[in-house]
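Subject: Structure handover

Hello,

Here is the structure I said I would pass on. Please open it beside this email while you read.

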Amino acid sequence: MILTVTLNAAIDRTIAVPNFRQGRRHRAVEASTMAGGKGINVARALKLLGRPVIATGLAGGPTGARLMERLAEEAILTDFTWIGGDSRTNIAVIDPTTGEQTEINERGPDISAEELDRFLEKLIYLARGARLCVIAGSQPPSIPADFCARIVTALKEIDVEAIVDTEGEPLHASLRAEPAVVTPNVGEAEEAVGHEFNDPEERLAGVRGLVELGAAEAIITSERGCVAIVGDSQGRRAYEVTAPAQEPVSTVGSGDAFLAGYVAARYEGAAPRDCLAYGVACGAESTQHFGAGSIHREDVEHLLDQIEIADLETRAAVS
């Protein structure tokens with residue numbers, strides 16, 4: 001099976017407000033409330049793609065109880081560690097007239113060392129029946145920055161691939177633990193390697209930098225697709241994968257849908273470039289829905305034929 005880890009789970013409230021302006025009174029035209037946090041969004045998309053997945057992480061309080069109820073309603077298998085603090089609530093406001101979105105995310109509850117130890121013990125127990133483990137999203141400020149790296153190290157000891165999608169110091173620490181894959185977006189990758197990407201060559205240099213920092217494979221995601229270095233150490237190749245331009249309904253959670261698609265294909269043993277293509281198709285298809293992690297499997301298959309894959313190694317050789 002596939003495991004997803006969400007250390008900062010949330011109730012996500014997404015509201016559509018035409019002509020949204022700060023300081024004004026508005027009426028929403030559409031709204032959704034879902035269990036959220038990146039790992040949970042990935043689990044939702046994986047289930048919709050028909051892959052076996054269990055979502056784990058930390059949850060507590062009345063908000064945590066609502067989280068578990070929502071996940072049960074979606075028939076997503078869970079095994080969370082219960083904590084004393086209350087899980088967070090996040091709000092996203094989408095303006096359908098402009099496509100702009102405004103997000104307000106709470107920091108998350110305080111987590112004790114004893115709660116972290118209990119969670120890690122449970123995770124290793126679950127991981128003994130898993131092939132892949134996705135560690136995704138932020139973590140509450142009370143969790144030590146190197147806790148993600150502890151998870152990566154523990155998973156490597158039992159031969160479970162760790163795929164990490166986080167940011168800041170947790171990403172830095174995870175890279176030092178040498179995970180199987182890291183999948184930051186452009187801003188997160190720029191912070192990790194220490195410079196901005198002003199052109200495609202710098203983005204490729206950035207993904208190479210993530211590999212030099214410790215990742216076996218690295219993917220930098222963007223609105224239209226990704227740039228990646230994938231494959232084993234004997235056959236790593238660099239690719240740029242892009243989806244056709246579409247008018248989005250909402251881009252909230254599109255990166256999580258990408259990650260779910262990539263992991264779903266990797267779980268099935270697909271070639272690295274095909275994993276990237278499937279991930280980009282999933283991310284693009286998810287923008288046609290309201291609610292993070294929402295995806296239509298049949299529409300993903302139709303979109304696959306329109307995904308463009310450029311072999312950057314071949315392009316460099318021709319140049």
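What follows is a short account of what was found in it.

This is a predicted model, in which local features need pLDDT of at least 70, side-chain atom pairs count only at pLDDT 80 or more, and totals for chains, interfaces and linings use all residues. Residues are numbered from 1 along each chain as its sequence is written, and side-chain values use heavy atoms, with hydrogens and water left out.

Overall shape

The protein chain has 11 helices and 15 strands; helices (H or I, at least four residues) and strands (E, at least two) are DSSP runs, numbered from the N terminus. Its radius of gyration is 19 Å, close to the 20 Å that the globule rule gives for 319 residues, so the chain is as compact as a globular protein of that length. That radius is taken over C-alpha atoms, and the rule is 2.2 Å times the number of residues to the power 0.38. Along its principal axes the C-alpha trace spans about 60 × 50 × 35 Å. Of the 319 residues, 54% are buried. Buried means under 20% relative accessible area, exposed over 50%, and partly exposed in between (1.4 Å probe, protein chains only).

Helix α1

Helix α1 covers residues 38–48, and because eight of its 11 residues are buried, it is largely enclosed by the rest of the structure. Among the buried ones are Ile40, Val42 and Leu46. Just after α1, Gly50 has a positive phi of about 80°.

The cores

A nonpolar core is a set of buried Ala, Val, Leu, Ile, Met, Phe, Trp, Tyr and Cys residues joined through side-chain atoms within 4.5 Å. The largest one has 51 residues, and those touching the most other members are Leu46, Ile219, Leu259, Tyr262, Val263, Leu276 and Ile307. Helix α8 (residues 254–267) supplies the largest share of this core, nine residues. Apart from it lies another core, of 47 residues, including Ile143 and Leu204. In soluble globular proteins, nonpolar side chains tend to be buried together.

Aromatic rings

There are two aromatic pairs. Rings of Phe, Tyr and Trp (its six-membered ring) pair if their centres lie within 6.5 Å; planes under 30 degrees apart count as stacked, over 60 as edge-to-face and the rest as tilted. Phe119 and Phe147 form a tilted pair, 6.3 Å centre to centre with 45° between the planes. The pair links distant parts of the chain, with Phe119 in helix α3 and Phe147 in helix α4, 28 residues apart. Phe258 and Tyr262 have ring centres 6.3 Å apart and planes at 15°, so this pair is stacked. Both lie in helix α8, four residues apart, about one turn of the helix. Tyr262 is buried, at a relative accessible area of 1%.

Arg224

Where is Arg224? Arg224 is in the loop between β12 (217–221) and β13 (225–230). With a relative accessible area of 43%, Arg224 is partly exposed. Arg224 and Pro244 are 20 residues apart in sequence and 7.5 Å apart in space, C-alpha to C-alpha. Leaving aside neighbours within four places in sequence, Arg224 is in contact (heavy atoms within 4.5 Å) with residues including Val241, Pro244 and Val280. The side chain of Arg224 also reaches the backbone oxygen of Ala243 at 2.7 Å.

Regards

Terms used
Polar contact = N/O pair within 3.5 Å; in protein donor to acceptor, adjacent residues only side chain to side chain.
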